[in-house]
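Hi,

Here is the model I promised to pass on. Have a look at it below, and then read on for what turned up.

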Amino acid sequence: MSTSLSTLLRQMPKAELHIHIEGSLEPELIFALAVRNGVTLAYDSVESLRRAYAFTDLQSFLDIYYAGASVLLTEQDFFDMTWAYLLRAAADNVRRTEIFFDPQTHIARGVTFATAIDGIDRALQQGNTELGISSGLIMCFLRHLSEDEALQTLEQALPHRHQFIGVGLDSSERGHPPEKFARVFARCREMGLHLVAHAGEEGPPEYIGTALDLLHVERIDHGVRCLEDPALVRRLAQEQVPLTVCPLSNVKLRVFDSMADHNLPALLDAGLLVTVNSDDPAYFGGCLGDNFVALFDALPLQREHAQQLARNSFQAAFLDSECKQRYLDEVAAFFKSPTGT
Ligand code: HPA
Ligand code: ZN
């Protein structure tokens with residue numbers, strides 16, 4: 001790929017809509033926090049931890065991801081993790097980020113909801129004022145746990161309603177269909193929260209349809225398996241349901257054998273509102289800019305596609321139309337400028 005295209009991909013203004021903040025914890029920070037908090041890890045060095053990042057599927061990743069999150073104990077830990085992510089996002093000219101966090105992973109270890117959300121939120125506020133990155137926080141329910149546990153987590157979240165904009169569904173997908181969480185999503189909908197769900201990553205395309213029909217989600221996280229169902233593709237195109245696609249994640253978790261096999265060009269050709277995201281950047285080999293570069297390196301994608309994907313990222317963001325338009329104008333100006341040409 002030409003250096004000008006890779007520079008353009010890294011520098012264009014963009015929004016990130018699918019990033020698990022716990023998945024941004026780099027091995028170096030995991031070790032630093034383990035030392036700070038006196039937590040013992042099953043790995044004796046940064047290198048041996050990194051060597052364990054050889055995943056065969058979603059579950060093999062999740063086991064290590066939850067182990068990594070075990071070093072997070074204090075509000076400052078959550079701040080440090082989020083701030084480190086924001087600095088990397090700023091380097092990729094991320095202008096807006098909508099961040100997932102997994103409160104149940106922390107509550108199960110005796111860390112309070114307030115500790116986790118206050119640390120993340122403080123970093124996001126600072127990111128707004130010091131880095132000019134606007135943001136929203138999305139609380140995810142772990143789908144391998146019960147709906148009752150999700151409802152209890154929602155109860156604990158109520159005093160913090162002003163600190164998050166929506167809810168999502170993550171963790172082990174197969175065997176945990178969207179309908180398992182119909183009641184808790186109905187409550188969240190009544191509360192005026194934005195709704196998203198992981199669907200069609202490893203799970204079947206039917207989960208995409210049921211997430212839309214039974215949970216009433218506004219975006220599908222991943223969704224790449226939709227191409228197995230032409231009627232579903234037509235619906236997603238017709239309704240312009242955003243898909244938050246994560247290319248490096250898909251290759252690392254063996255959803256596709258290689259980046260050259262990724263179906264993102266086919267999703268775009270089908271007229272879908274596709275966005276590019278990093279998912280768990282510390283585990284999958286790169287941040288948002290790296291995802292764009294790896295994707296464009298392996299596939300027949302050009303500058304026009306870059307502009308489309310930058311536009312889509314703001315189009316799919318949970319922003320009011322005025323805000324969206326300002327970012328879309330920023331994208332247009334960038335692609336007219338010397339850097340963008
Ligand atoms: N899929 C499901 N759950 C997750 C992921 C993912 O890619 N990352 C963190 N939790
Ligand atoms: Zn994800």
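A backbone N or O atom of serine 171 sits 2.8 Å from a nitrogen atom of ligand 1, which counts as a polar contact (a pair of N or O atoms within 3.5 Å). A nitrogen atom of ligand 1 also lies 3.3 Å from a polar side-chain atom of histidine 20. On the aspartate 279 side chain, an N or O atom is 2.7 Å from an oxygen atom of the ligand. Taken alone, ligand 1 exposes 260 Å², and the protein buries 100% of that (accessible areas by Shrake-Rupley with a 1.4 Å probe).

This is a predicted model, where local features need pLDDT of at least 70, side-chain atom pairs count only at pLDDT 80 or more, and totals for chains, interfaces and linings use all residues. Side-chain values use heavy atoms, with hydrogens and water left out, while residues are numbered from 1 along each chain as its sequence is written, and chains are lettered from A and ligands numbered from 1 in the order written.

Among the residues around ligand 1 are Leu58, Phe61, Asp170 and His198 (a heavy atom within 4 Å). Helix 4, residues 58-69, gives the most to that shell, with four residues.

As for the fold, the protein chain has 17 helices and eight strands (DSSP runs: H or I of at least four residues for helices, E of at least two for strands, numbered from the N terminus). Its C-alpha trace spans about 50 × 40 × 40 Å along the principal axes.

Cheers

Definitions and conventions: Polar contact = N/O pair within 3.5 Å; in protein donor to acceptor, adjacent residues only side chain to side chain.
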